[in-house]
Amino acid sequence: DIGPGLGSHAAYSRYGFKSLYCGLEAYPPSYQVQRNFFRSLSSNDALYVDFVTSEIFGKNDSDIWKNFKDSKEGILHIPSWKFPMIDDNYFDLITATWVFNEVNTAGILWLVSNCIRTLKTGGYLYIRDSHKLKPGRHNINYDSLLQNIGFKEVGRLQVENRVDFYGIPRIYRKSENIRKQNF
């Protein structure tokens with residue numbers, strides 16, 4: 001979950017699907033809010049790993065990742081600068097709710113390239129936002145970019161933003177013919 005906000009997708013993942021959830025955050029104040037929420041969802045059954053706190057206690061990245069990556073259930077809370085340590089072809093689903101249209105050009109290219117790298121072939125990328133580029137952020141039509149590099153749009157909710165629904169949800173599937181990008 002890129003830019004998890006409060007972290008509500010972790011609750012769905014934890015209680016609805018009993019699966020592994022990874023929240024990726026770049027903004028320190030949001031990270032702290034998410035930390036408090038994610039801790040409330042953790043239990044003996046579902047491990048919560050906070051990379052920042054783990055580092056404070058002297059754990060190194062490879063040990064943290066090695067102990068977590070084979071888990072079937074839990075919450076991994078990771079700052080964005082640690083995204084490159086996630087294994088290639090690791091995720092079945094990546095979500096980006098109100099994120100891609102908020103970052104600058106370097107941010108969108110970095111996020112897309114890391115999504116390509118970490119998403120399994122056949123995996124899904126879910127995007128929900130206004131489907132409009134914001135002035136002063138970037139001028140990259142990421143929906144077209146994804147399709148041009150080999151993602152296939154497999155679903156789009158046909159709604160009018162802020163009338164029928166808040167945001168336009170759409171989902172893309174990573175094909176076998178994905179063109180790796182070096183931005």
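**Figure 1. Tryptophan 98 in the loop between β4 and α5.** Helices (H or I, at least four residues) and strands (E, at least two) are DSSP runs numbered from the N terminus. The model is predicted, so local features need a pLDDT of at least 70 and side-chain atom pairs count only at pLDDT 80 or more, whereas totals for chains, interfaces and linings use all residues. Residues are numbered from 1 along each chain as its sequence is written, and side-chain values use heavy atoms, with hydrogens and water left out. Phi of tryptophan 98 is near 60 degrees, a positive value in a residue other than glycine. Tryptophan 98 has a relative accessible area of 25% and is therefore partly exposed, a class that lies between buried (under 20% relative accessible area) and exposed (over 50%), for a 1.4 Å probe and protein chains only.

**Figure 2. Asparagine 89 in the loop between β3 and β4.** Asparagine 89 also carries a positive phi, near 55 degrees, although it is a residue other than glycine. With a relative accessibility of 39%, asparagine 89 counts as partly exposed.

**Figure 3. An open sheet of three strands, in the order β1-β3-β2.** The pairing in this sheet is parallel, where two strands pair if DSSP finds at least two bridges between them.

**Figure 4. The pairings of strand β3 (residues 74-79) with β2 and with β1.** The strands β1 and β3 run parallel and are joined by six bridges, and glycine 23 stands opposite histidine 77 in β3. Between β2 and β3 the pairing is likewise in the parallel sense, over four bridges, and here tyrosine 48 stands opposite isoleucine 75 in β3. Of the six residues of β1, five are buried, so that this strand is mostly covered.

**Figure 5. The largest pocket, with a volume of about 780 Å³.** On a 1 Å grid over the protein atoms alone, a pocket is an open set of points, with protein on both sides within 12 Å along at least five of seven lines, whereas a cavity is a set of points where a 1.4 Å probe fits but cannot get out; lining residues have an atom within 4 Å of a point. Grid points are joined across faces, edges and corners, and a volume is the space filled by probe spheres set on the points. The largest pocket is lined by 25 residues, of which Ser13, Ser19, Leu20, Tyr21 and Leu93 lie nearest its centre. The elements that give two or more residues to this lining are α1 (8-16), β1, β4 (91-97) and β5, and the largest share, five residues, comes from β4. By class, the lining has 14 nonpolar, five polar and six charged residues, where Ala, Val, Leu, Ile, Met, Phe, Trp, Tyr, Cys and Pro count as nonpolar, Asp, Glu, Lys and Arg as charged, and the others, Gly among them, as polar.

**Figure 6. The second largest pocket, with a volume of about 310 Å³.** This pocket is lined by 15 residues, and Gly3, Glu25, Ala26, Val99 and Val103 are those that lie nearest its centre. Both β1 and α5 (105-118) supply at least two residues of the lining, and the largest share, three residues, comes from α5. By class, the lining of the second largest pocket has nine nonpolar, four polar and two charged residues.

**Figure 7. Lysine 174 in strand β7 (residues 168-174).** Lysine 174 has a relative accessible area of 3% and is therefore buried. From C-alpha to C-alpha, lysine 174 and serine 62 are 27 Å apart in space, and they are 112 residues apart in sequence.

**Figure 8. Lysine 69 in the loop between α4 and β3.** Lysine 69 counts as partly exposed, at 28% relative accessibility.

**Figure 9. Confidence along the protein chain, with an average pLDDT of 90.** The pLDDT is the predictor's confidence in each residue, from 0 to 100, and 98% of the residues score at least 70. Confidence is lowest in helix α4 (residues 61-68), at a mean of 81, and highest in strand β5 (residues 119-129), at 97.
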